[in-house]
Amino acid sequence: MAKGVRKRAAATRERGPARGRAPEPVAAPVDGGLAELVPDRDRARAWTLLVDGKPQSHVDLDDPSYLDFEYQRRLGHIADLAAPPGRPVHAVHLGGGAFTLARYIAATRPRSTQQVVEVDPPLVQFVRRELPLNPADRIRVRGADARAGLGKVPDGWADLIIADVFSGARTPAHLTSVEFLAEVRRVLRPDGLYAANIADGPPLAHLRAQVATARAAFAQVSLTADPAVLRGRRFGNAVLLAADRDLPLAELTRRAAGDPHPARTEHGRALADFTGGAAPVTDATAAPSPAPPPEVFD
């Protein structure tokens with residue numbers, strides 16, 4: 001599940017008149033703390049998932065193709081570009097949350113086959129009870145640690161792997177290393193894409209090291225984020241994309257720049273310069289991502 005800074009998309013919709021009784025928040029204890037589902041007052045059947053008060057996911061049950069958080073929109077762009085429009089894909093989601101991206105792919109690429117790996121079984125039960133998945137969507141949810149769960153996926157199975165794993169607002173150390181990315185490459189098809197949500201702030205040491213790690217493991221890497229995050233001016237989310245084939249850079253750059261919160265995509269020499277000589281992370285040197293400052297959740 002994702003944690004960190006998540007700006008919502010700009011509100012372009014108008015608030016409609018109330019129809020009946022407004023839904024109320026629901027909550028339940030889970031392994032990660034207290035999970036809450038808070039209704040979106042602007043969308044009739046949309047909810048925001050929070051764990052211990054920190055936003056995790058936003059889901060619109062009436063329109064699963066709607067992505068509200070900025071980082072999820074950027075991951076959605078990658079899902080759109082993973083294969084020709086409408087073609088079913090095999091996707092693995094490391095981190096479940098409210099299954100936002102799995103629902104998105106099911107809506108935009110019908111007949112896709114997806115696996116979700118989520119380490120918090122009570123959270124899975126809570127979300128499935130309150131925001132049920134459509135049984136026809138071919139989404140399998142596995143209760144396991146992300147790296148252990150990935151180890152159970154067959155070689156060359158996935159067209160797309162999305163990593164959005166946080167524990168206590170930090171990415172666990174064992175999901176940041178070249179050894180972990182070797183497992184990702186094992187599961188990907190030769191032309192598959194790997195995308196990861198990475199949270200960091202000044203001086204961006206973690207983000208630079210993660211880019212260096214991906215560049216050591218894959219032939220092509222790009223990074224998409226708010227320019228203020230890339231300049232080290234604030235804590236925020238960056239979306240890393242990696243593959244052993246050419247990346248859809250022109251279209252990704254265009255889409256990210258046209259989002260309600262525009263982002264910049266770096267690659268090639270500019271991205272190499274961004275790493276600033278950072279060394280790839282190994283299992284022996286790995287550390288969790290930095291904790292966000294308290295004000296980012298205000």
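Figure 1. Strands β5 and β6 (residues 113-118) are parallel and share five bridges; strands (E, at least two residues) and helices (H or I, at least four) are DSSP runs numbered from the N terminus, and two strands count as paired if DSSP finds at least two bridges between them. Residues are numbered from 1 along each chain as its sequence is written. As the model is predicted, local features need pLDDT of at least 70 and side-chain atom pairs count only at pLDDT 80 or more, while totals for chains, interfaces and linings use all residues; side-chain values use heavy atoms, with hydrogens and water left out.

**Figure 2. Strand β8 between β5 and β9.** Six of the six residues of β8 (residues 158-163) are buried, so the strand is largely enclosed by the rest of the structure; buried means under 20% relative accessible area, exposed over 50% and partly exposed in between (1.4 Å probe, protein chains only). Four bridges link β8 in parallel to β5 (residues 90-94), and His-93 has Ile-162 of β8 as its bridge partner. With β9 (residues 188-200), β8 is also parallel, through five bridges; Ala-158 is partnered by Leu-188 in β9.

**Figure 3. The open sheet.** Eight strands with mixed pairing follow the order β7-β6-β5-β8-β9-β11-β10-β12. The edge strands, β7 (139-143) and β12 (264-267), each pair on one side only.
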